[in-house]
Amino acid sequence: MIRQQIIALFLTASVALPSCGLVKTPAEKVSEQIAALSELSPITEAAILEAEEAFEALPEEEQAEVENADEIAAARERLEEQRISRQKASARDTVAGEWVELDEVLGLSRPIVYWFGPLKLNASGVGESEGSQWTWDVSEDLSEIRLSGNRGKVTLDVIRDGAFTKLRDPNGRYVLVRAEDAESYVKARFVKIDITADNIGDIMDLPVCTGPILDEKDKPTGNSAWIQPSRKIDQGLVYYGRSEDFYYTLVVNGQTASEWRLDYPFDSLSAPEYTNFQRGSSAGGTLVFIRGAYVTENRMSDGRTRVLMLSDGMKYTTSQNWYVDVVDYQGHEY
């Protein structure tokens with residue numbers, strides 16, 4: 001009987017002894033759980049929370065045995081980096097594609113070129129325009145894109161305009177629209193009119209005398225300011241720009257009849273008050289009008305610069321020969 005008890009005790013000990021070395025402490029288990037976070041790709045919020053909760057469940061003295069507890073914070077940093085990376089990738093997808101300058105699409109005269117041709121933005125973060133290579137990224141809130149390349153650094157605002165997205169120079173010098181949207185964008189907001197001698201009278205009235213032009217001492221100069229009223233303003237169209245080849249002519253009947261060639265529409269003219277203007281024999285080029293619904297302000301500055309504020313926040317200016325001290329622009333808008 002004693003012999004059988006000894007044998008039983010021996011067998012029990014022989015079974016238990018090999019497993020003693022495999023038992024892990026709670027602190028070791030948590031340490032392994034934390035270490036596993038570095039192997040996860042992508043890292044997940046759930047995995048981090050499980051490791052945090054397991055660590056917090058340990059008594060304080062056992063928490064001190066977890067030597068890699070600081071890796072939980074590192075995992076959270078990696079999770080945030082993943083979030084930002086995904087957000088930027090999604091944002092890049094939103095603005096990736098080919099963009100063209102609006103003035104180019106409209107065919108407007110551009111005495112100063114501010115951009116470098118069509119802009120291609122690849123979702124990978126690489127871009128190109130005529131003669132330029134760029135790397136680019138987009139802000140987290142998708143309010144601007146930043147380009148860096150062989151022509152320096154450029155920042156463009158991302159503007160939502162109804163159903164359309166635009167890229168705008170922060171100084172308002174140019175706007176880019178998606179190449180695929182350009183035709184529908186222009187059709188929705190603009191009216192382009194090819195000018196001939198037959199239709200110029202449907203757009204501009206003959207000059208109207210508005211009062212004498214005075215010199216710096218407020219004495220009459222002998223000339224008066226003449227305005228050329230717009231016939232399109234009452235149709236809800238506001239003058240936006242002209243093509244490089246735009247022109248029209250007026251016949252001036254003074255002592256000797258002559259024909260004036262003019263390159264800017266709606267300019268005020270300087271001529272004696274008895275001048276008789278008639279429509280000239282030729283006109284050409286293109287005029288572009290924007291629909292009035294997209295214009296929030298239309299005014300003439302003291303510097304003879306007409307300012308349009310548009311519904312997308314864009315400020316658009318055209319320099320005109322306007323006698324602001326003689327002709328009040330309000331009531332003569334074009």
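**Note on the predicted model**

1. E52 and R76 form a salt bridge, in which the closest N and O atoms are 3.1 Å apart. Because E52 belongs to helix α3 (residues 45–57) and R76 to helix α5, the pair ties together parts that are 24 residues apart in sequence. In general, side chains of opposite charge can pair when their charged atoms come close. The structure under review is a predicted model, and a search of the whole of this structure finds 13 salt bridges.

2. Eight of them make a closed barrel in the order β1-β2-β3-β4-β5-β6-β7-β8, and the pairing is antiparallel. From one strand to the next, the twist averages 30°. For E98, the bridge partner in β2 is K120.

3. Two points of backbone geometry should be noted by the student. Most residues other than glycine have a negative phi, and most peptide bonds are trans. Here, S41 and P42 are joined by a cis peptide bond, with omega at about 5°. P42 is placed in the loop between α2 (26–37) and α3.

4. L142 sits in the loop between β4 (132–138) and β5 (144–149).

Technical notes: Residues are numbered from 1 along each chain as its sequence is written. This is a predicted model: local features need pLDDT of at least 70, side-chain atom pairs count only at pLDDT 80 or more; totals for chains, interfaces and linings use all residues. Side-chain values use heavy atoms; hydrogens and water are left out. Two strands pair if DSSP finds at least two bridges between them. Helices (H or I, at least four residues) and strands (E, at least two) are DSSP runs, numbered from the N terminus. Axes are lines fitted to C-alpha atoms, for helices over the stretch in contact, and angles run from 0 to 180 degrees between N-to-C directions. A salt bridge is a side-chain nitrogen of Lys or Arg within 4 Å of a carboxyl oxygen of Asp or Glu.
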